[in-house]
Amino acid sequence: MKKILTANISGGTKISGYEALKKTLSMRPEEVAFMVERSGLRGRGGGGFPAGLKWKFLPQNSRGTIYLICNADEGEPGTFKDRHIMEFDPHLLIEGMVIAAYAVGAKQGFIYLRGEYGWIAKFLPKAIDEAVREGLLGDNILGSGFSFYIDVFRGAGSYVCGEETALIESLEGKPGRPRLRPPFPGTNGLYGKPTLVHNVTTFSCIPFIIQNGPDAFKAASSTGRGGTKLFSISGHVNKPGLYEYPMGTSLRELIYEAAGGIKGGKELKAVIPGGLSTPILRADEIDVSMDFDTLAAVKTMLGSGGIIVMDETVSIPRVAQKAARFYAHESCGQCAPCREGTAMIKLLLDRMVNGQGEQDDLDQVMRLCRYINGSTICAFGYAVSLPIAAMIRKFRNEFEALLENR
Ligand SMILES: Cc1cc2nc3c(=O)[nH]c(=O)nc-3n(C[C@H](O)[C@H](O)[C@H](O)COP(=O)(O)O)c2cc1C
């Protein structure tokens with residue numbers, strides 16, 4: 001690991017416990033929000049939306065209820081960064097949430113925890129209790145007059161509940177189905193109140209920004225935009241794991257230096273750069289800077305930073321089939337294009353991989369991807385159609401070979 005942003009993850013010294021909170025409480029809320037805006041922090045949940053701008057959508061200087069939600073659902077296949085923060089540095093997250101709450105005027109926060117993270121559900125409340133005991137959370141934080149409370153809510157293992165409006169529905173005790181937007185959570189969120197939703201890692205960047213200043217955060221990236229980034233690297237590499245590197249580090253460096261290159265001396269075939277829902281890159285496309293804008297320019301996404309590395313032995317049609325099975329299973333069923341489209345794509349890919357495909361099947365999958373794209377309430381539709389279409393576009397010969405050799 002190179003640059004240091006978070007405390008225990010990188011064993012760094014640039015940030016010490018709750019110092020940023022102490023500094024925060026000596027500032028006016030709008031000054032804190034301005035620092036976050038100037039840092040250029042972009043959401044780490046997948047979309048990369050600028051945090052400072054999101055905070056502006058909330059009512060300013062309001063005396064009404066504002067909720068804060070930490071999205072710890074972490075359902076994107078290939079992603080394991082949030083669990084690390086919650087396991088090894090929960091106080092970093094708590095501190096980030098308290099600072100954000102102070103800046104936006106929230107009194108109540110929730111951590112929506114992935115259902116499968118049972119062991120974290122056991123000790124996260126203990127960390128919260130520790131913070132309360134030390135006067136860093138709860139009533140009258142550090143004698144400032146500001147009070148903020150956090151509760152942990154455990155999800156039930158649904159991928160779509162990571163989508164912020166489905167998450168809010170689930171938190172309200174309803175089936176986790178995305179809401180039609182607008183209105184957005186910033187004005188109509190939990191129980192109809194203004195709500196700020198951020199990913200675990202986004203909140204965890206905030207103490208560094210407050211303690212070291214927005215310019216230090218920008219300088220921690222190799223592009224001058226956006227701090228460091230946690231990359232979960234899995235698949236056919238020698239050293240799979242979680243790596244904190246400057247935002248903008250090249251994908252090649254992450255695979256060959258951080259993760260020690262391809263296992264068994266094999267050739268690299270393809271990489272999914274930001275979690276399963278981001279379009280695949282071929283081996284000749286890895287000289288790319290891992291930041292939001294550069295990846296968007298090459299028609300993929302930084303997403304959650306979950307890098308899945310595949311060697312020469314991998315069959316891309318089988319990867320597409322597995323992805324389709326996952327999405328067909330996880331579609332909440334609310335929108336017909338997603339419900340029917342994912343089921344149909346799964347069926348077509350299943351029969352192609354099983355050697356029973358029809359000549360038109362490949363074009364049919366591409367048509368379905370186009371049809372799902374943009375016609376669903378939430379971005380789940382893009383999460384299915386963009387990566388599967390990219391696999392077919394970039395590795396079409398492998399799919400065609402299955403049809404020819406049926
Ligand atoms: C299908 C789907 C699943 C999602 N899953 C997650 C998730 O597990 N964790 C997360 O932080 N964001 C997830 N998101 C993004 C959230 O809707 C939201 O944009 C994010 O929590 C905002 O936090 P940020 O501003 O820190 O990025 C998902 C979005 C979609 C469409």
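**View 1. Confidence across the predicted protein.** The mean pLDDT (the predictor's confidence in each residue, from 0 to 100) is 95, and 96% of the residues reach 70 or more. Residues 1-14 have a pLDDT below 50, with 38 contacts beyond near neighbours in sequence; a contact means C-beta atoms, placed from the backbone, within 7 Å. Where pLDDT is low, predicted coordinates should not be read in detail. Numbering starts from 1 along each chain as its sequence is written. In this predicted model, local features need pLDDT of at least 70 and side-chain atom pairs count only at pLDDT 80 or more, while totals for chains, interfaces and linings use all residues.

**View 2. The shell around the ligand.** Here are 23 residues, of which G43, G45, G162, N199 and T202 come nearest; near means a C-beta atom, placed from the backbone, within 6 Å. Helices (H or I, at least four residues) and strands (E, at least two) are DSSP runs, numbered from the N terminus.

**View 3. An open four-stranded sheet.** Its order is β3-β2-β1-β4, with parallel pairing; strands pair if DSSP finds at least two bridges between them. Because β3 (149-154) and β4 are at the edges with a single partner strand each, one side of each lacks a neighbour in the sheet.

**View 4. Strands β1 and β2 together.** Six bridges join the parallel strands β1 (residues 67-72) and β2 (residues 108-113). Look for C70, which stands opposite I111 in β2.

Conventions. Two residues are in contact if their C-beta atoms, placed from the backbone, lie within 7 Å.
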